[in-house]
Structure formats: structure tokens, C-alpha cells
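Subject: Structure handover

Hello,

Here is the structure you will be taking over. My notes on what was found in it follow below.

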Amino acid sequence: MSTRASAAVTPVVLPSKWQHIGNRFSFGVNESLAASIRSAGSSDAWLRSQFDWGKITDTRSGAVISWFPRLTDSPSAAWARVKADERSSWDYGFDFACYSMARKILSRRQVHEVMVDFWSNLLYIPMGEDRSFPWRYSYDTVIRSRALSTYRNLLRGTIVHPAMSGWLNNSSNTKSGINENLGRELLELYTVGRPSGYDEDDVKNSARLLTGFSVRVFDDFAASYSTANHYRGRVRILGFTHANSSSDGRPAVNAYLDYLARHPATARRIARRLCVRFVSDTPSSSLVSAVANTYLKSDTDIRATLWTLVKHPEFVAAQRKKVRTPVEDVVNAARVLGMAPTGSSDAESFAQKVIWMCNNMGQNPYTWPRPDGFPETSSTWTSPARVLRSWDMHYNLAGNWWGSREVAIPAKLDQLPTQWPCTLGQLVDHQSRMLLGRTASLPLRAAVASALNLPETYVVTSAAKVTEWGWVVIRGAVLNTPEGMLR
């Protein structure tokens with residue numbers, strides 16, 4: 001892949017507003033994405049085109065599933081392999097995490113990929129969890145298909161999915177033995193939240209309405225709907241009432257989920273969560289209200305809700321004020337360095353090693369132990385230990401010091417200017433423009449010069465004079481700047 005402007009000593013960068021949209025709604029503004037924004041004519045036009053994600057060709061990302069053939073095992077086949085000690089639930093979970101990371105790195109549908117990540121963290125199911133693992137990939141496909149539709153639609157698809165029924169024990173929730181787990185989390189985490197004032201009777205009725213969805217956990221993991229196990233009788237949950245007189249409770253459940261999705265408390269909860277992810281840890285009440293109002297007026301339309309968010313002055317003013325999580329950091333570094341996974345045949349593959357890189361930085365993908373998902377706040381991810389480990393990982397990635405295989409890495413020559421000579425300071429600026437989309441600061445230039453024990457004015461006469469060590473120091477240092485760790 002050619003660089004976006006490597007022929008110039010000072011490559012042209014995106015306008016700051018365009019860069020801001022790209023940073024918040026992608027996993028890394030690489031040369032391909034920058035070209036896509038330019039081609040669209042503006043960041044707004046690019047965002048609109050990304051909303052229509054089904055029309056964007058995404059061949060490389062779509063092929064990733066072929067690297068992990070066991071993810072498409074039927075639930076019964078997956079369970080049979082586990083019982084035969086051929087594989088473990090952890091193996092299935094690890095494959096899923098690798099699959100997810102590779103798609104984040106490769107996808108051209110970056111807004112869709114970001115929203116898949118957002119909803120996967122809100123409607124969270126960990127990888128390799130014993131009660132849900134055979135259905136985890138299927139659950140992901142449901143989120144993917146609805147990530148930019150309506151929250152009402154997304155809620156219908158996820159809450160009654162067999163993976164969710166297994167993870168939160170709805171598989172054992174029957175009219176003769178109510179299990180409140182999913183009914184409670186539906187209210188507390190996925191919709192209205194505790195401030196809505198629901199009580200224990202609401203929780204019990206929520207659980208009663210969800211009876212009937214069956215998964216034979218630790219048997220063959222087959223999923224079905226059991227009319228014999230469905231609780232019948234009138235239910236009242238917050239302001240929702242239903243006769244629930246049919247043995248098939250699914251229409252009543254759909255009406256209940258629609259009611260919850262359209263509830264003003266859900267609107268505020270979803271709006272605030274979106275604002276924390278895309279704007280700041282402490283979004284103003286006016287911003288949250290504006291986003292929530294659009295959510296309600298559009299009947300939970302996700303694209304309309306996001307559009308209100310990005311047009312708000314608070315979003316515009318929030319450039320580079322969110323810290324990348326370790327997962328976002330690794331994916332961003334891979335994307336801007338041009339490192340593209342090409343397979344996952346063994347533990348030396350890049351697709352697998354990125355999981356351990358994230359783990360080293362404090363965030364193993366899909367391993368948060370609770371159903372509320374990883375924290376969305378930047379303050380969670382700014383400890384000194386995390387920062388130091390990120391710095392170390394940036395150098396590792398820049399030099400591929402982990403020796404990853406099955407990864408396409410652009411030749412150094414293709415990432416350098418073609419106009420020589422240039423000074424060391426100009427070279428640092430070139431890479432800052434390439435990797436960060438902005439000019440190099442004076443402290444960055446000085447830091448690189450100090451690390452290489454050379455003056456900024458040192459003249460590099462040709463690409464061949466850029467040593468491997470110097471190349472890694474320059475690119476790692478660029479990613480280690482505050483601007484490199486912020487999105």
C-alpha cells in the first residue's frame with residue numbers, strides 16, 4: 001500500500017475538524033482512511049457515507065472469519081469438541097477476541113466497527129464464558145447487523161439471544177422457578193437504570209416476562225422457545241402493563257423491550273454513555289439532553305442520535321481529550337504503522353499477538369468479569385503503569401520486536417520522503433504528519449534528537465541513511481506523545 005503523501009517532506013494533513021471526526025469514529029486514521037475522508041469532500045460527508053456501511057466494500061475484513069473456522073461451529077459441535085477435550089471454551093473465546101481485533105484493524109467500515117465495539121461493551125458478554133461460548137460469535141453477528149439501526153431493534157435482538165440467556169441465567173428462568181438475573185440487568189444496565197426508580201416487584205415481573213427462552217446449557221446448547229415454561233398472567237413493570245395471557249410470550253416481550261427502549265430514562269442513559277465514549281468523561285447536561293431528545297424523537301435511531309452528538313459544540317471542542325484504551329491504542333498503532341494481519345495459523349501470528357499486547361497494557365479484550373462492560377472513562381486508563389507500558393509497546397510495534405508473523409508491513413522506503421536531503425527535525429515532522437495527522441511539536445523533535453544523540457539540524461542525505469534503530473525511535477516517539485495517545 002502506498003503512503004498518503006510520503007513523497008513530500010511535509011505531507012498535507014487533514015483539517016483539524018476532519019481529523020477529530022476520524023479519530024473519534026475510527027480505530028485509527030491511517031492513510032487509507034484519510035484518503036477516504038478527502039474523497040468524500042468533508043468529514044461530515046464521510047460520516048454520512050459510513051452510516052450506510054452496507055454499501056462499503058470490505059473484502060479484507062470480511063475474510064477474517066475464514067482464519068477462525070471453529071467460530072462457525074454449531075453450538076452442539078462446539079460443545080462436543082469441549083467434551084472430547086479437543087478444545088476449551090477459552091479457545092473459542094480467544095479465537096473470538098482475535099477475530100474481533102483483526103476486524104478492527106482491517107475494516108474499511110470504521111464507524112460501523114466502532115459502534116459494534118460500543119454496543120458490545122454495553123450489552124456485554126465476555127469471551128469464552130462457559131454458559132454462552134458456543135453462541136458468542138452468533139451474538140456478535142446480531143450486534144453487527146443492528147449496530148447502526150435503532151436501539152429498539154438492537155435490544156430485541158440481543159436480550160433474548162441464546163448467548164445472553166446463557167450468560168445471565170435466563171436459560172434456567174421458568175414459571176416454576178424464576179431467575180431474576182437477566183430481568184434485573186435488563187433494567188439496571190441495558191435500559192432505564194437505577195435512577196428510574198424500579199423496585200423488586202418490577203424486577204420479578206421483568207424476569208417472569210422473559211420466561212420461555214430456553215438453552216440447554218451443558219447439554220447440547222440447543223436454543224428454543226418453551227411455551228410450557230412461560231409464565232402467564234398480567235405484569236406491571238414501571239409504566240408498562242401487559243395481560244401476558246398467551247402461552248407464547250414473545251409478542252409481550254417485544255412490546256416490553258420496545259417500551260424500555262423508548263423510555264426517557266433509557267434515552268438519558270444511552271445518551272450519557274455515548275457522550276462519555278465520544279466526547280468527555282464529564283459531558284454537560286445540555287449535551288446529554290440534546291442527544292437524548294434526538295434519540296426519543298427519532299424512535300431510538302442510532303444514526304440520528306450520533307449526528308446530533310457530533311454537531312454539538314461540546315463535541316467540536318473536545319478534540320484529543322479522550323485517552324485511547326489499551327485495545328484502541330494497539331489497534332490505532334497497528335493501523336497508522338500500516339501493520340495488517342493476514343492470517344492466524346499459530347501463536348506467532350500478529351492477529352494473536354495483539355491480544356497479549358493489549359493484556360500487557362491492562363486490557364485483555366472481552367475479559368471484563370462483570371456484565372457492565374469495561375469503563376468508558378479516560379480516567380480509568382491513565383495510570384503511570386499503563387502509560388509506561390503503552391510507550392514500550394509503541395516501540396515494540398514500530399520495530400515488530402515481538403517477531404510477529406502473518407502480518408503485512410510496508411517497506412520503510414515506502415514510508416519515507418522521496419525528496420532528500422532533509423534534516424532530522426524534518427524527518428520527525430514527516431512521521432508526525434503520517435502517524436498523527438499533525439505537525440511535530442518542538443518537544444517531540446528535541447526528544448528524538450536527544451534519544452539519537454544528534455542535533456535536530458543533522459542532515460540525512462538519503463533513505464538509506466535512516467538506520468533501523470533511528471526509524472523505530474522516531475516512530476515510537478511520535479506514538480508516545482500525548483497527542484499519540486489521545487483520540
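**The second largest pocket**

Helices α11 (181–190) and α14 (264–278) each supply at least two residues of the lining of the second largest pocket. Helices here are DSSP runs of H or I with at least four residues, strands are runs of E with at least two, and both are numbered from the N terminus. The largest share of this lining, four residues, comes from α14.

Before going on: this is a predicted model, in which local features need pLDDT of at least 70 and side-chain atom pairs count only at pLDDT 80 or more, while totals for chains, interfaces and linings use all residues. Residues are numbered from 1 along each chain as its sequence is written, and side-chain values use heavy atoms, with hydrogens and water left out.

The second largest pocket has a volume of about 300 Å³. Its lining has 16 residues, and R269, R272, R273, D372 and E376 lie nearest the centre. By class, the lining divides into eight nonpolar, two polar and six charged residues. (Ala, Val, Leu, Ile, Met, Phe, Trp, Tyr, Cys and Pro count as nonpolar, Asp, Glu, Lys and Arg as charged, and the others, Gly among them, as polar.)

Pockets and cavities were found on a 1 Å grid over the protein atoms alone: a cavity is a set of points where a 1.4 Å probe fits but cannot get out, a pocket is an open set with protein on both sides within 12 Å along at least five of seven lines, and lining residues have an atom within 4 Å of a point. Grid points are joined across faces, edges and corners, and a volume is the space filled by probe spheres set on the points.

**Cavities**

The count comes to six cavities of 30 Å³ or more. About 230 Å³ of space lies in the largest cavity. Of the 16 residues that line the largest cavity, D117, N121, V327, Q363 and F374 are the closest to its centre. Two or more lining residues come from each of α7 (110–122) and α18 (326–337), and α7 gives the most, with three. The lining of the largest cavity has seven nonpolar, four polar and five charged residues.

**Helix packing**

Helix α1 (residues 16–24) packs with helix α3 (residues 43–51) at an angle of about 25°, and their axes are 9 Å apart. That makes α1 roughly parallel to α3, a label for angles under 35 degrees. The axes are lines fitted to C-alpha atoms over the stretch in contact, and angles run from 0 to 180 degrees between N-to-C directions. In α1, K17, W18, I21 and G22 meet S43, D44 and W46 in α3, where contact means heavy atoms within 4.5 Å.

**An aromatic pair**

The whole structure has 25 aromatic pairs, that is, rings of Phe, Tyr and Trp (its six-membered ring) with centres within 6.5 Å; planes under 30 degrees apart count as stacked, over 60 as edge-to-face and the rest as tilted. The rings of W79 and F218 have centres 5.8 Å apart and planes at 50°, so this pair is tilted. W79 lies in helix α5 (residues 75–83) and F218 in the loop between β1 (213–215) and β2 (223–225), so the pair ties together parts that are 139 residues apart in sequence.

**Backbone**

Most residues other than glycine have a negative phi, and most peptide bonds are trans. The peptide bond from W420 to P421 is cis, with omega near 0°. P421 lies in the loop between β6 (407–408) and β7 (422–423). Phi of N169 is near 70°, a positive value.

Regards

How values were computed:
Angles under 35 degrees count as roughly parallel, over 145 as roughly antiparallel, 65 to 115 as roughly perpendicular and the rest as oblique.
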